[in-house]
Amino acid sequence: GDFAVACARGYDQPASAAGGCWSFGRNIGGTSKWGVIDPLVPTAALVASDAFGTVASMSTSYVAIGSASANTNAGRVWIFGVNKNGVGKFGAITVKNGAGSDLFGTSVSVSGTYIAVGTGKANSGSVTIYEASQGGAEAFGVVKTVVSPVPLTNENFGAACHLNIPYLVVGSPFSSSVSSVTSNAWLFSQNNGGSNQFGNVSMLSTSFISQ
């Protein structure tokens, strides 16, 4: 593509560790060079420790910026439209918030008009799938919340996710027992079990014996 986003979660403007993200364009400043176009400006002002830009993902239509530590570890994801305010200018659309200590926004992944957001909590992690037209134009309503098919202690389901419609891969890096640590990756398919049900297809697993 001709555009990219780069972020610095520790950026200290407008407040300490508020974070920042910028759009870049190909061939700006010279052939094959990537130059800064604009900062991404959220719908509400950033505050200290928002860590805006901890994780980011982009499709040709949308950008999702996540921070699990924002809002006192409830977490937050900011959604922007690519070229919404002009070529290379990414306009703010909406914000999705976690609750309690969800760590919402631990992971994000964008595929077309779909956005996956992981919580990554130790014992109750999940990945929520949003779609741009769900509930209205660019409303980004919830399509499905995916949870671990086999919940395991401290697995951190949702600590990592990758969405490439029709497939979703979710990481569970820390499922532990007395003698081993098991890292799992779950594969889901969008219409497995019904339309937009994101049913489980298979599990990839690797175990490491503790020393």
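The following legends describe close-up views of a predicted model.

**View 1. The largest nonpolar core and the residues that touch the most other members.** This core holds 14 residues, of which V127, I129, L168, F188 and F198 touch the most other members. Two or more residues each come from β9 (114-118), β10 (126-131), β11 (141-147), β12 (160-164), β13 (167-176) and β14 (180-189). Another core, of 13 residues, lies apart from it and includes Y62, A64, I79 and Y130.

**View 2. The surroundings of I129.** With neighbours within four places in sequence left aside, I129 is in contact with Y114, I115 and A116, with G141, V142, V143 and K144, and with L168 and F198. Both L168 and F198 are also among the core members named for touching the most others.

**View 3. Q190 in the loop between β14 and β15 (199-209).** Q190 is located in this loop and has a relative accessible area of 9%, so it is classed as buried. Its side chain forms a polar contact of 2.8 Å with that of N196. Not counting residues up to four places away in sequence, Q190 touches Y114, I165, P166, S195, N196, Q197 and F198.

View 4. Most residues other than glycine have a negative phi, and most peptide bonds are trans. N196, in the loop between β14 and β15, has a positive phi near 60°. F198 belongs to the loop between β14 and β15, and its phi is likewise positive, near 45°. N196 is buried because its relative accessible area, 19%, falls under the 20% limit. For F198 the relative accessible area is 2%, and this residue is buried.

View 5. The bond from Q13 to P14 is cis, with omega near 5°; P14 sits in the loop between β1 (3-8) and β2. The bond from I165 to P166 is also cis, with omega near 15°, and P166 is placed in the loop between β12 and β13.

**View 6. The largest pocket and its lining.** The volume of this pocket is about 170 Å³. Its lining comprises 15 residues, and P14, L40, V41, P42 and L46 lie nearest the centre. Strand β2 (residues 20-26) gives the most to the lining, with three residues. By type, the lining consists of 12 nonpolar and three polar residues, with no charged ones.

View 7. The C-alpha atoms of G136 and P151 are separated by 33 Å, although the two residues are 15 residues apart along the chain.

How values were computed. Residues are numbered from 1 along each chain as its sequence is written. This is a predicted model: local features need pLDDT of at least 70, side-chain atom pairs count only at pLDDT 80 or more; totals for chains, interfaces and linings use all residues. Side-chain values use heavy atoms; hydrogens and water are left out. A nonpolar core is a set of buried Ala, Val, Leu, Ile, Met, Phe, Trp, Tyr and Cys residues joined through side-chain atoms within 4.5 Å. Buried means under 20% relative accessible area, exposed over 50%, partly exposed in between (1.4 Å probe, protein chains only). Helices (H or I, at least four residues) and strands (E, at least two) are DSSP runs, numbered from the N terminus. Contact means heavy atoms within 4.5 Å. A polar contact is a pair of N or O atoms within 3.5 Å; within protein, one must be able to donate a hydrogen and the other to accept it, and residues adjacent in sequence count only if both atoms are side-chain atoms. On a 1 Å grid over the protein atoms alone, a cavity is a set of points where a 1.4 Å probe fits but cannot get out, and a pocket is an open set with protein on both sides within 12 Å along at least five of seven lines; lining residues have an atom within 4 Å of a point. Grid points are joined across faces, edges and corners, and a volume is the space filled by probe spheres set on the points. Ala, Val, Leu, Ile, Met, Phe, Trp, Tyr, Cys and Pro count as nonpolar, Asp, Glu, Lys and Arg as charged, and the others, Gly among them, as polar.
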